Amino acid sequence: MAGQDISILAAGKIAPDALQDVYEMQEVPGSPTRRSRRGREDEDSSEATEKLVPQTLDSGLVHHFPPGDSLSYVQEEERSVIRKFDRHLVLFVAFLYMLGFLDRSNIGNAKIAGMSKDLDLTSSQYEWILRFFYITYVLFEWMPILYTVLAPSTYVALCVLAWGIIASLQALATSYASLCILRLLLGISEAAFGPGVPVFLAFFYKRDELALRVGLFISAAPLATSFTSSLAWLITKLSQRLAVAPWRMLFLAEGLPSVVVSVFVWYHIPNSPGEAKYLSKRERRIAVSRVEQGKSKVEHEKGDRKFRWNEIQEALKDPKCYLTAAMFCSCNVAFSSLPVFLPTIINDMGYSPLRSQILSAPPYLFAFIIVLLTAFYSDKYKNRSIFICVHALVAAFGYITIAIAGVLEAGPMWRYWGVYPAASGFFSAVTLLITWTINNQESDAKKGTGVAVLNVIGETSVSPSTGTSQLIEAYRPIRPVHWHSALSRK
């Protein structure tokens with residue numbers, strides 16, 4: 001009867017929902033065959049469960065037997081759980097990151113929309129406004145560890161609410177000093193959220209599923225950049241007939257949505273796979289079971305999510321943390337600086353401010369697609385290093401193209417096309433470096449520590465503070481000395 005049931009299920013004649021509470025156990029040589037059906041209890045179930053192992057049939061029916069649990073499920077049920085997490089969790093946190101990245105980087109659009117003129121900002125003051133954000137961002141990038149300590153639903157909601165309010169208050173800035181204070185506070189609120197999201201996603205996905213989901217999350221940055229450029233152009237156009245300055249309307253239009261969304265975060269973000277409200281009771285069991293199955297022996301020995309000082313100390317002594325952090329440094333100049341300055345770069349190539357806003361979008365839409373493709377194949381082939389090397393070379397090629405075009409005084413389109421490989425290359429490399437760091441650590445506490453080390457070192461050494469100082473108004477992007485300096489730090 002069991003074999004008959006399996007063949008019927010594999011043939012797709014019974015829907016996955018009909019499998020509720022139906023369990024099948026594998027016969028183990030040397031022990032009696034036992035199977036559990038609805039309403040029937042197994043004799044010596046604990047002994048049988050210890051001997052059960054996963055098996056995959058040619059028909060596609062998969063039996064999963066986590067230690068201490070007789071739950072089994074078919075591949076389609078597992079895929080259904082993954083799809084729901086992708087739709088309800090990954091896309092939602094990517095949307096939150098897009099809002100945060102938009103509030104962080106729209107100051108570049110505000111600058112060319114009249115902010116510098118209205119506040120009488122010098123080139124040096126604008127540079128420091130950008131730098132103040134990263135000063136607090138770096139100092140508080142240890143906060144990914146808090147994802148393993150606090151309830152994510154409460155923690156993330158407070159982060160989103162905080163940066164939404166602060167970003168909106170930038171519209172009320174009346175001086176250089178007030179804007180600097182707001183940028184300092186904005187750096188704290190965004191450092192509390194973004195750097196730790198890959199650690200949070202690791203609670204819901206297996207090791208070989210994580211890169212694509214981190215890619216979906218990270219790719220919200222280039223998507224936000226393309227969106228903010230288009231939105232900035234629209235707001236600049238519409239605000240010409242209003243009494244409010246366009247750059248102030250820009251801060252309000254892009255900051256207030258985060259305040260509204262923070263209310264939904266409280267109810268929508270689950271604290272663990274077993275608490276996802278959009279899953280059925282059986283799907284929640286599957287979600288917990290599959291993640292436990294994907295853990296290594298060492299991860300099982302570490303137990304559940306707890307704050308353990310000894311694990312943090314182990315991670316801080318691990319050379320792998322510092323190796324990936326060093327690689328992250330080389331990508332982070334471009335990753336965090338170019339989105340802030342791209343409209344100015346294009347404007348300096350000879351285009352009008354409004355057209356500069358429009359032309360800033362396509363390179364990041366292209367990067368969005370490349371990041372997703374790269375992450376998908378990195379998971380498929382279970383390899384990070386090769387893809388990182390390839391995209392680092394692609395990004396370098398983009399910068400070299402821009403530099404040579406400037407030296408040869410080529411047309412502006414040559415420099416513009418060089419932005420495409422540069423943007424797609426460094427966004428893809430950053431995605432895989434973050435995933436690689438998480439994969440290299442066993443426990444949740446060590447994963448949080450590893451990501452904290454990655455971000456702190458990546459932001460501190462040749463971080464965006466270096467990138468922003470390279471791209472101030474005093475140095476035009478087409479000058480060879482600028483691009484040589486930037487490339488030397490890659």
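Ala405 has a relative accessible area of 6% and is therefore buried, a word that stands for under 20% relative accessible area, with exposed meaning over 50% and partly exposed in between (1.4 Å probe, protein chains only). The model is a predicted one: local features need pLDDT of at least 70, side-chain atom pairs count only at pLDDT 80 or more, and totals for chains, interfaces and linings use all residues. Residues are numbered from 1 along each chain as its sequence is written, and side-chain values use heavy atoms, with hydrogens and water left out.

**Confidence**

- The protein chain has a mean pLDDT of 75, and 73% of its residues reach 70 or more; pLDDT is the predictor's confidence in each residue, from 0 to 100.
- Residues 1-70 have a pLDDT below 50, and this stretch has 92 contacts in the model beyond near neighbours in sequence; a contact means heavy atoms within 4.5 Å.
- Over residues 470-490 pLDDT also stays under 50, and here the model has 40 contacts beyond four places in sequence.
- Where pLDDT is low, the predicted coordinates should not be read in detail.

**Around Ala405**

- Ala405 is in helix H18; helices (H or I, at least four residues) and strands (E, at least two) are DSSP runs, numbered from the N terminus.
- Not counting residues up to four places away in sequence, Ala405 touches Ala410, Trp414 and Arg415.
- Between the C-alpha atoms of Ala405 and Gly418 there are 8.9 Å, and the two residues are 13 residues apart along the chain.

**Around Arg384**

- Arg384 belongs to the loop between H17 and helix H18 (385-407), and its relative accessibility of 8% makes it buried.
- The side chains of Arg384 and Ser378 are joined by a polar contact of 2.8 Å, meaning a pair of N or O atoms within 3.5 Å, where within protein one must be able to donate a hydrogen and the other to accept it, and residues adjacent in sequence count only if both atoms are side-chain atoms.
- Leaving aside neighbours within four places in sequence, the contacts of Arg384 include Arg207, Asp379, Leu432 and Trp436.

**Around Leu365**

- Leu365 sits in helix H17 (residues 361-380) and is partly exposed, at 40% relative accessibility.
- Leu365 and Leu223 are 142 residues apart along the chain, with 6.0 Å between their C-alpha atoms.

**Aromatic rings**

- There are 23 aromatic pairs in the structure; rings of Phe, Tyr and Trp (its six-membered ring) pair if their centres lie within 6.5 Å, and planes under 30 degrees apart count as stacked, over 60 as edge-to-face and the rest as tilted.
- One of them is the tilted pair of Tyr97 and Phe217, 4.4 Å centre to centre with 40° between the planes.
- Tyr97 lies in helix H3 (residues 75-105) and Phe217 in helix H9 (residues 210-218), so this pair ties together parts 120 residues apart in sequence.
- Tyr97 and Phe217 are both buried.
- Ring pairs also link a cluster made of Phe85, Tyr147, Tyr155, Phe200, Phe203, Phe204, Tyr205 and Tyr278.

**Charges over rings**

- Lys111 lies over the face of Tyr126, 5.2 Å from the ring centre; a charge sits over a ring if NZ of Lys or CZ of Arg is within 6 Å of the ring centre and within 35 degrees of the ring normal.
- Arg131 has its charged end over the ring of Trp128, 4.7 Å from the centre.
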